[in-house]
Amino acid sequence: MCGIVGVHSKSNVNTQFVLNACANMNKRGPDNSDVFSFSENICFGHVRLSILDLSDNNNQPFNSSCGNYSITFNGEIYNFQEIKIMLENEGYKFKTTGDTEVLLQLYIKKGSSGLKFLRGMFAFGIYDKIKQVLFLARDISGEKPLFYSKTENSFGFSSTLSALMELNIVPKIIDTDQVLKYLHDGYSEKNRSLIKGIKKLEPGSFLEYDIKGGEEKVDRYWHIPKLDEKFQTESLENDLVSILEQSIEEQLFADVQTSVLLSGGLDSSLITAIAANVKDKVQTFSVSFSKDKKYNEIEYANQIAKYCNTEHNVLNIDEISLSSLIEVCENIDEPLMDSSFIPTFFLAKEVSKFTKVVLGGDGADELFGGYGHYKRLALLKKIHKN
């Protein structure tokens, strides 16, 4: 992951605020940090975790050769090679081998309609000098965060809530309505945060901020497809396998070591099995809680690793102390009502010593109805229907 930040102000932008925001996100991008001012009123910042094209040529903020466009980008475009070929056929010659230049050139050629070509996880901001707009976009599942804030005189955005607050656009006041929403439902509203005046760009959406007029416009570029009631189960199963294979193969492509987080459950085991089919010597990482037998699934993880012949690594966590929990809190923007992120945090911390990219099984319960309350809702629907 990387970290992005950008700000426009009718008065002079305080570059130190942008530097402070980058410093706040340093753990997101330890490989490079840079700030670029386009004028006294507009400034972008970026902290980089190098995954593709490790050279300095791909550092950000990344400017177009014509000087009219600039991008600060967090994420990865999995099908950037396909898009690159399409743009090369239209006459563009690339100077880098990564996905950042491809993404910027796609916007230059297609504008917001270019978003429909993207397959990946991303959040980015583009300064369009020609149209005099700041253009923001977020991936369809909201995997990469993007916060923004607007007042009469300023507009800013960032990957994290804490970094955005470093820009001092709005006062640091907790939104009590969203706190109550969080305590009741486990999350704040989809486009709101726990800080007054700071919003989230929703998944599958883009935002255009008019620099001259100070107006913002948010629109969706992707909607959940309608269900075809005439589907055939066997056909869907085959399609799903193909999609998973393509997705995992694309995400294993990088200029650094890629690995898999293996818990021993169905989701991560399936990813491991497919990864082992498309890549030799797949590295897998598991966490073992030696003092918690109830939640320790290391036996299953070891079985899958042996069956798939992976280079398996087991990380032992004996006990989580109070000071450790404070460290977790310092690395999240908003509280989460899901305790699984605690062991995930410590696993990620240890795994980062060996690899930069890991694939995991998170999200499958949301997609395939794996949570217990889904079954209860289905039962209630059936009862009400009768």
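## The antiparallel sheet

Gly-6 stands opposite Phe-44 in strand β3, and this pair belongs to the antiparallel pairing of β1 with β3 (residues 42-48), which extends over 6 bridges. Two strands are said to pair if DSSP finds at least two bridges between them, while the strands themselves (E, at least two residues) and the helices (H or I, at least four) are DSSP runs numbered from the N terminus. The model described here is predicted, and for that reason local features need pLDDT of at least 70 and side-chain atom pairs count only at pLDDT 80 or more, whereas totals for chains, interfaces and linings use all residues. Residues are numbered from 1 along each chain as its sequence is written, and side-chain values use heavy atoms, with hydrogens and water left out.

The pairing of β1 with β3 is part of an open sheet of 6 strands, in the order β2-β3-β1-β9-β8-β10, with antiparallel pairing. Strands β2 (32-37) and β10 (198-200) stand at the edges with a single partner strand each, so one side of each is left without a neighbour in the sheet. Neighbouring strands of this sheet are turned against each other by 15° on average, direction ignored; the angles are taken between N-to-C directions, from 0 to 180 degrees, of axes that are lines fitted to C-alpha atoms, for helices over the stretch in contact.

Which residues of β9 are buried on each of its faces? Ser-154, Gly-156 and Ser-158 are buried on one side, and Phe-155 and Phe-157 are buried on the other. In a regular strand the side chains alternate between the two faces of the sheet. With 5 of its 5 residues buried, β9 (residues 154-158) is largely enclosed by the rest of the structure; buried means under 20% relative accessible area, exposed means over 50%, and partly exposed lies in between (1.4 Å probe, protein chains only).

Strand β9 pairs with β1 (residues 3-9) in the antiparallel sense over 5 bridges, and in this pairing Val-5 stands opposite Ser-158. Strand β9 also runs antiparallel to β8 (residues 147-150), to which it is joined by 4 bridges, with Phe-155 as the bridge partner of Lys-150. The strands β8 and β9 form a hairpin, with 3 residues between them.

## Asn-74 in strand β5

Asn-74 has its place in strand β5 (residues 69-77), and at 0% relative accessibility it counts as buried. Leaving aside neighbours within four places in sequence, Asn-74 is in contact (heavy atoms within 4.5 Å) with several residues, among them Met-1, Cys-2, Arg-28, Phe-122 and Lys-144.

Strand β13 (residues 258-261) pairs with β16 over 3 bridges in the parallel sense, and Thr-258 stands opposite Val-357 in β16.

## Helices α6 and α7

The axes of helix α6 (residues 233-251) and helix α7 (residues 266-278) come within 9 Å and cross at roughly 70°. The two helices are therefore roughly perpendicular to each other, a description that covers angles of 65 to 115 degrees, whereas angles under 35 degrees count as roughly parallel, those over 145 as roughly antiparallel and the rest as oblique.

In their contact, Leu-244, Glu-245, Ile-248 and Glu-249 of α6 meet Leu-270, Ile-271, Ile-274, Ala-275 and Val-278 of α7. By class, this contact has 7 nonpolar, no polar and 2 charged residues, where Ala, Val, Leu, Ile, Met, Phe, Trp, Tyr, Cys and Pro count as nonpolar, Asp, Glu, Lys and Arg as charged, and the others, Gly among them, as polar.

## Backbone in the loops

Most residues other than glycine have a negative phi, and most peptide bonds are trans. Gln-60 and Pro-61 are joined by a cis peptide bond, with omega about 0°, and Pro-61 lies in the loop between β3 and β4 (62-63). Lys-281, although not a glycine, has a positive phi of about 55°; this residue lies in the loop between α7 and β14 and is exposed, with a relative accessible area of 64%.
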